[in-house]
Amino acid sequence: MEKKLIIKMIKNCFKQYYSEVDSLPMTSGDLEELADRIIQMKADQPAVDLYEAVNDTVYEFLTG
């Protein structure tokens, strides 16, 4: 799976919560970790929709 696409999707998802992408509440390491978590989730559960996996992971990051 293309990691660049997932990172872009994560950033777009954060736009729902923050108006400026430049001020994301995370480091680049956090961004990489979230992308890796989503890739692993898709590998474990191929039927999961990628958009849903990204949204769920971002929500867990913000609330957890």
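**Close-up 1. Cover over the buried residues of α1 in the predicted model.** Helices α2 (28-44) and α3 (50-63) are among the elements that cover the buried residues of α1. Those buried residues are Ile6, Ile7, Met9, Ile10, Cys13 and Phe14. Seen down the axis of α1, they fall within an arc of 160 degrees, so they line one face of the helix. The face turned away from this buried side carries Lys4 and Lys8, both exposed.

**Close-up 2. Span of helix α1, residues 3-15.** The helix has 13 residues. At 1.5 Å a residue it should span 18 Å. Its end C-alpha atoms lie 19 Å apart, which agrees.

**Close-up 3. A network of salt bridges links Lys3, Glu32 and Asp36.** Lys3 pairs with Glu32, with closest N and O atoms 2.8 Å apart. Lys3 lies in α1 and Glu32 in α2, so this pair ties together parts 29 residues apart in sequence. Lys3 also pairs with Asp36, at 2.7 Å between the closest N and O atoms. That pair links helix α1 to helix α2 across 33 residues. Lys3 is partly exposed at 26% relative accessible area. Glu32, at 35%, is partly exposed, and so is Asp36, at 39%.

**Close-up 4. Salt bridge between Arg37 and Glu33 in α2.** The N to O distance is 3.2 Å. The two residues are 4 apart in the helix, about one helical turn. Arg37 is partly exposed at 34% relative accessibility. Glu33 is partly exposed at 46%.

**Close-up 5. A nonpolar surface patch of about 380 Å².** Tyr17, Tyr18, Tyr59 and Leu62 make the patch. Tyr17 sits in the loop between α1 and α2. Its relative accessibility is 41%, so Tyr17 counts as partly exposed.

Definitions and conventions. Residues numbered from 1 in each chain as written. Predicted model: local features only at pLDDT ≥ 70, side-chain atom pairs only at ≥ 80, totals over all residues. Heavy atoms only, no water. Expected span 1.5 Å × (residues − 1). Buried < 20%, exposed > 50% of the residue type's maximum accessible area, 1.4 Å probe, protein only. Arc of directions from axis to C-beta. Contact = heavy atoms within 4.5 Å. Patch = residues over 30% accessible without salt bridge, like charges linked within 9 Å, V, L, I, M, F, W, Y side chains within 5 Å. Areas by Shrake-Rupley, 256 points an atom, 1.4 Å probe, with all protein chains shown as cover. Salt bridge = Lys/Arg side-chain N within 4 Å of Asp/Glu carboxyl O.
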